[in-house]
Structures are given as structure tokens and as C-alpha cells.
Amino acid sequence: GGLFAWLRGRCLGRGAAVDPARDTFGAMTGLYAAIQPADSVSLSTRTHGAVFNLEYSPDGSVLTVACEQTEVLLFDPISSKHIKTLSEAHEDCVNNIRFLDNRLFATCSDDTTIALWDLRKLNTKVCTLHGHTSWVKNIEYDTNTRLLVTSGFDGNVIIWDTNRCTEDGCPHKKFFHTRFLMRMRLTPDCSKMLISTSSGYLLILHDLDLNKSLEVGSYPILRARRTTSNSDITSSGSSGPRAVGSPCHQNNSGPLSEKTLSRPSQREGGSPRNSLEVLTPEVPGERDRGNCITSLQLHPKGWATLLRCSSNTDDQEWTCVYEFQEGAPVRPVSPRCSLRLTHCIEEANVGRGYIKELCFSPDGRMISSPHGFGIRLLGFDAHCSELVDCLPREASPLREIRSLYSHNDVVLTTKFSPTHCQIASGCLSGRVSLYQPKF
């Protein structure tokens with residue numbers, strides 16, 4: 001028993017030889033317990049508008065801020081010094097920032113473009129990428145293939161080959177299309193793509209191959225189901241203003257048929273490449289009402305996905321954690337469901353209409369969530385244990401570890417530093433605050 005437990009720990013990346021940080025987490029927990037708003041490093045300007053997103057460079061040396069009024073701000077998070085303002089980074093709202101390495105980063109905007117920047121030469125863009133026809137909301141990056149992946153409100157997921165980037169842009173191709181697209185994420189190993197929609201669906205592309213564009217009917221559809229019942233995605237239980245048919249683009253004239261969803265989808269040895277699964281994740285209190293998945297994040301070790309959901313009427317918001325359940329269905333006729341709700345908590349219902357971006361800590365043990373005029377640090381249990389160490393049989397509440405308030409307006413985004421015991425948050429009135437330990 002001891003040997004098998006040790007081997008299982010190594011496979012999960014939890015053994016001391018694999019994850020040394022596990023042994024020092026007690027010290028890190030103590031640091032986060034002492035964290036406070038650091039008023040002396042509160043950052044703000046008067047011109048940039050609301051803060052929509054925050055992103056640290058991989059080495060933690062730069063904090064970038066995506067702003068409503070076309071600007072990108074850059075700060076040194078350690079000294080709190082303002083490095084530079086890219087005053088006309090785009091022609092409309094800047095929505096997201098993603099670092100490709102410690103010097104290159106990409107920004108996307110409501111002006112339908114993506115821009116590449118080099119920290120060593122911020123006076124001009126490396127290049128501007130054109131391909132989307134509506135607001136671009138999300139950027140992902142595959143470090144293995146050096147492919148940039150973007151998604152927008154045009155419903156398109158586009159692949160950009162940064163290996164062949166020039167001043168005129170990068171070669172690109174449309175990879176996937178779906179209606180009602182909100183957010184798109186890649187798992188850390190880039191084996192899956194998750195796409196959330198405003199109609200409450202979550203799409204999962206399994207065994208991902210980014211080099212193969214997906215045209216209508218070119219991908220196998222896995223059995224889909226609602227996680228709250230045995231009905232499929234055509235069930236009337238998902239009705240409502242936001243749930244108007246399946247988001248899948250295979251049949252734009254209506255929802256997917258039961259016949260389409262129930263055809264065999266498994267091959268020997270696992271699912272085929274780019275096989276699509278469509279789910280309606282369970283949201284507490286929303287079993288008979290539609291909901292919108294507004295924020296989508298992934299556990300840094302690929303164990304779970306983190307969703308922020310709002311009700312159809314915007315009168316409730318929830319933060320939910322779903323564990324990935326790998327493997328084929330037990331029986332050929334059984335519905336596949338890759339996600340299981342493990343933890344959830346109701347959020348403050350403020351700032352209606354604005355998306356609140358939450359995040360995992362670098363080790364995946366804590367969640368930082370916008371909560372009214374501040375943020376809440378949430379854990380899977382009171383001891384900030386690993387998710388795999390405290391998986392409940394039924395969905396359990398997330399534990400509030402600490403609440404931090406330093407804003408005078410609704411917080412829209414928050415981010416952990418990848419290297420330091422520091423958290424950043426940004427609000428609707430444009431203020432950015434840093435939180436760090438005080439003794």
C-alpha cells in the first residue's frame with residue numbers, strides 16, 4: 001500500500017521529489033495570512049478608465065494593466081514604480097494581455113486587433129495582427145509550438161504562427177467557430193481547449209491538435225449532457241434569454257439533434273483528436289434557470305477549471321470549481337461528462353454587466369476572487385490543502401481564508417504574482433492595488 005501510494009503521488013506531481021514547494025507551503029500560507037493592502041504602492045492614473053485585466057511577466061518583474069481607454073500601463077511590482085504608459089496601444093478598450101516569454105507580450109482589444117510588444121522597445125509595436133471581425137477578448141499561447149491562440153465575440157478561435165512573424169503580422173487560420181463565445185483557455189499541457197459561452201454551455205476539445213483547422217463536421221462530437229440531470233443539451237431545462245440553442249456551429253439553424261449527439265465517438269485507445277464535448281455545468285441555485293459563464297480559468301496543474309457564472313437575470317453570481325474526470329465512459333451508452341462540481345461559493349452581486357476575472361494562485365491551492373470593492377482569498381478547505389487531498393463526495397463550499405478591501409469601486413480583476421507573495425487587483429474607477437505581507 002505504501003509503495004502504490006508513493007507511486008500515485010509521483011504520478012500526480014505531489015511527491016517531494018516532484019513538487020518541492022509542497023513542503024514549504026506552510027510558510028507560504030503564513031505569508032498569505034499576513035497579507036495586507038500596501039497603501040504606499042497603490043497605483044492609479046486619471047486617464048485610463050476601468051482596469052479590465054492584469055498580467056505579470058513570468059519572472060514577476062513587470063506588472064501590465066489592460067485599461068478601458070486604449071491604454072496599457074506597466075509597473076515594477078516590487079518598487080511600485082511606473083515604467084511606462086502605452087497611451088495608444090489600441091484604438092478601443094484593451095481587454096487582455098498575455099506574455100509569450102519574459103520580454104514579448106500580446107494585447108487584444110475591442111478594435112478587433114492583437115498587438116505584439118517587446119519590453120526592450122516599447123515605443124512601437126512589433127506587429128499588429130488582423131483577422132477577427134469583432135471584439136477580441138482572450139489570448140492563449142502554446143509554448144511548445146509557439147502558436148498564439150485568440151478568441152473574440154465574432155465566435156472565432158484563430159491560430160497565429162509566431163514562428164513566422166514579420167512587421168506585417170503572422171500567418172493565421174481560423175481554428176474553430178461557435179456561437180455565444182465568451183472565453184477560451186488551454187490547459188497547461190495544451191491537451192485540451194475549453195470554451196465558455198454566454199448561453200451557459202462549456203465546450204471541451206479533447207486531445208487537442210492546433211495544427212488542424214476544424215471545419216463544419218470535421219470533428220467527432222462526444223456525448224453531451226447537463227451535469228444536473230440525464231437530459232442532453234436540447235433539454236428545455238436550459239431555456240432562457242441566454243440559452244437559445246446549442247453554441248456548436250455544426251448546425252446553425254437549431255440545436256444539435258439527439259441522433260448527432262448519440263453516435264459512437266470513442267476509438268480504441270481513447271478519443272480521436274479534437275473531439276468535442278458540450279456540457280452545461282451545474283451551477284448551485286440555477287438548475288431550472290439559464291446562466292452565463294463570464295470568467296473561465298484553469299488550475300495551474302490542469303486538475304480543474306474555475307468558472308464565474310451569473311444568472312440569467314444577473315441577480316446572482318457564483319464561483320465554481322470543477323474537477324476534470326478523465327477516461328472514456330464506463331459503458332458505450334453512458335453519457336460522457338468530463339467535469340464534476342467540487343466546490344462553489346456565492347459572490348457579491350455588484351457591478352452588474354461587468355465581467356469579474358478571478359484566478360488561481362501559482363500552486364493552485366488558493367483562489368483570488370473579486371468581491372464587491374475588494375477581493376476574497378478562497379481555499380478548498382481551511383488549511384489551503386491541495387484540491388486532490390480534499391475532494392468531497394458532493395459539492396462543498398469554498399472556504400474564505402481572508403478578505404482584502406482597498407478600492408472605492410467594484411473590483412473587476414485580480415492576479416497572483418507568479419514569483420512573489422503578492423496579489424494585484426484593479427477596479428472600475430481605474431485604481432490598481434497591490435497586497436503583500438505586513439509584519
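Analyst: Let's start with burial: a residue is buried under 20% relative accessible area, exposed over 50% and partly exposed in between, using a 1.4 Å probe and protein chains only. Trp 117 has 4% relative accessibility, so Trp 117 counts as buried. Keep in mind that this is a predicted model, where local features need pLDDT of at least 70 and side-chain atom pairs count only at pLDDT 80 or more, while totals for chains, interfaces and linings use all residues. Residues are numbered from 1 along each chain as its sequence is written, and side-chain values use heavy atoms, with hydrogens and water left out.

User: How is a pair of aromatic rings described?

Analyst: By the distance of the centres and the angle of the planes. Here, rings of Phe, Tyr and Trp (its six-membered ring) pair if their centres lie within 6.5 Å; planes under 30 degrees apart are stacked, over 60 edge-to-face, and the rest tilted. This structure has three aromatic pairs. One of them joins Phe 99 and Phe 105, with 5.3 Å centre to centre and 40 degrees between the planes, a tilted pair.

User: Are Phe 99 and Phe 105 buried or exposed?

Analyst: Phe 99 is at 6% relative accessibility, so that one counts as buried. Phe 105 is buried too, its relative accessible area being 0%.

User: And why is the pair of Phe 105 and Trp 117 called stacked?

Analyst: Because the ring centres of Phe 105 and Trp 117 are 6.4 Å apart and the planes sit at 15 degrees. Now for where they sit: strands (E, at least two residues) are DSSP runs numbered from the N terminus, as are helices (H or I, at least four). Phe 105 is in strand S7 (residues 104-109) and Trp 117 in strand S8 (residues 113-118), so the pair ties together parts twelve residues apart in sequence. Ring pairs link Phe 99, Phe 105 and Trp 117 into a cluster.

User: What does a charge over a ring look like?

Analyst: The test is NZ of Lys or CZ of Arg within 6 Å of the ring centre and within 35 degrees of the ring normal. Lys 137 lies over the face of Phe 153, 5.1 Å from the ring centre. Lys 192 does the like with Phe 324, at 5.6 Å.

User: Which residues does the UniProt "repeat: WD" annotation cover?

Analyst: The unreviewed entry gives residues 87-120 and 129-161. UniProt positions follow the numbering used here, feature names are shortened, and annotations may be inferred rather than shown by experiment. Residues 87-120 are 0% helix and 53% strand, with end C-alpha atoms 17 Å apart. For residues 129-161, it's 0% helix, 64% strand and 11 Å.
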